[in-house]
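These are my notebook entries on one structure, written down in the order in which I looked things up.

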Amino acid sequence: MLESIPDIFLNTTNREFRVLLAIENSMKFYEWVPKEDIADFTGYDKKEVDFLLSRLAANKLVQRNTGAYEGYRIYFEAYDLLALNALVSRGSVNAIGEIIGVGKESKVYEVTSGITSRHAIIKFHREGMMSFKKVRIKREYIEERRHLSWLYASRLAAKREFDALKLLYPQVSVPEPIDHNRHAIVMSALKGQQLAHARVDEPEWYLDEILKQVKKAYQLGIIHADLSEYNVFVNPEGCEIFDWPQYVTATHTNSKELLYRDIENILTFFRRKYRIKRDIQGIINNIIYA
């Protein structure tokens, strides 16, 4: 198995990408894509398809099933490659560097982008890394789609987050959205460090800055709905709020409860770490009615 996305990408041929695309395309209709369908899609003869599939399987980019028939499917590593290949082809990514973050539901790499001169990152959503039952409960936007696959769930999450960033930037301090494809988003790199692991000298000022951004987002009709010290970065200029795939609109049935929870999470953190106490209802009123 190749060790990293850059290594895998550089060592995957155009013909192998064509096979991965064939499998991805037919996974809409099959749990395991028949080898004959792969050959039909690519136009390659059986011998070459066998050779390419064996190479992809050796690098764990495809999974093989030999039950009622010989079939194949891709998982996240191959999906990463397909998204990255599309982003590279249109100049949104020029180079990909080291991995800089791994979470339950994402992997983040440093990149350079031909679209912006700013330092950038690429975030690959990983909705299938937790149980699908938990994904369905946690992700309101997919709960009615009963046959949703891991890959499609991740694709929806990425599109949803990209759409949120497009709505919010630059009025709200969020990463600049650059491009997205499948389950991947290219965005400007976050400045500073995660609030959860920072020790700030002026905590009252930073709390005010975070609440100011929450209010600006609300005025644009958006509530984060999963806000905590883990998705806020702080820097000398202020803060940036990230991870928006769970956002809801201000007209959502549970919008007030979700806004309350967001504010409560932030106030709890500042109370616990810096002994700062604020009236949550006064803050909520200021966000909604001021």
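**Entry 1: Val88 and the ground rules**

I looked up Val88 and found it in helix H5, where helices (H or I, at least four residues) and strands (E, at least two) are DSSP runs numbered from the N terminus. The model is predicted, so I note that local features need pLDDT of at least 70 and side-chain atom pairs count only at pLDDT 80 or more, while totals for chains, interfaces and linings use all residues. Residues are numbered from 1 along each chain as its sequence is written, and side-chain values use heavy atoms, with hydrogens and water left out.

Leaving aside neighbours within four places in sequence, I find Val88 in contact with Phe9 and Val93, contact meaning heavy atoms within 4.5 Å. I also noted Gly114, which is 26 residues from Val88 in sequence and 9.2 Å from Val88 in space, C-alpha to C-alpha.

**Entry 2: the whole chain**

I count 10 helices and 13 strands in the protein, and 52% of its 290 residues are buried. Taken along the principal axes, the C-alpha atoms fill a box of roughly 70 × 40 × 30 Å. Among the contacts with a separation of 6 or more, 61% come from residues 24 or more positions apart.

**Entry 3: the sheet of 5 strands**

Strands of a sheet pair through backbone hydrogen bonds, either parallel or antiparallel. I traced an open sheet of 5 strands in the order E4-E5-E6-E8-E7, with antiparallel pairing; two strands pair if DSSP finds at least two bridges between them. Strand E4 (95-102) and E7 stand at the edges with a single partner strand each, so one side of each is left without a neighbour in the sheet. Neighbouring strands are turned against each other by 25° on average, direction ignored.

At the E4 end, I find 5 bridges between E4 and strand E5 (residues 106-112), which run antiparallel, and Ala95 stands opposite Thr112 in E5. At the other end, 4 bridges join E7 to strand E8 (residues 184-188), again antiparallel, with Asn181 opposite Ala184 in E8. The hairpin of E7 and E8 has 2 residues between the strands, and Arg182 takes a positive phi near 55° there.

Why is E7 (residues 177-181) described as largely enclosed by the rest of the structure? I note that 4 of its 5 residues are buried, so the description follows from that count. Helix H5 (residues 76-89), the helix of my first entry, lies across E4, strand E6 (120-125), E7 and E8 and runs at about 125° to E7. Helix H7 (residues 150-168) lies across E6, E7 and E8, at about 160° to E7. For these angles, axes are lines fitted to C-alpha atoms, for helices over the stretch in contact, and angles run from 0 to 180 degrees between N-to-C directions.

**Entry 4: the sheet of 3 strands**

I then looked at an open sheet of 3 strands, ordered E1-E3-E2 with antiparallel pairing, in which strand E1 (33-34) and strand E2 (62-66) are the edge strands, each pairing on one side only. E2 is joined to strand E3 (residues 70-74) by 5 bridges, and Asn65 has Gly71 as its bridge partner in E3.

**Entry 5: H8 against H10**

I find that the axes of helix H8 (residues 203-219) and helix H10 (residues 280-289) come within 9 Å and cross at roughly 40°. The contact is made by Leu211, Val214, Lys215 and Tyr218 of H8 and by Ile283, Asn286, Ile287 and Ile288 of H10.

**Entry 6: aromatic pairs**

Rings of Phe, Tyr and Trp (its six-membered ring) pair if their centres lie within 6.5 Å, with planes under 30 degrees apart counted as stacked, over 60 as edge-to-face and the rest as tilted. By this rule I have 8 aromatic pairs. Phe269 is buried at 3%, and Phe270 is buried at 0%. Ring pairs link Phe269, Phe270 and Tyr274 into a cluster.

Note on methods. Buried < 20%, exposed > 50% of the residue type's maximum accessible area, 1.4 Å probe, protein only.
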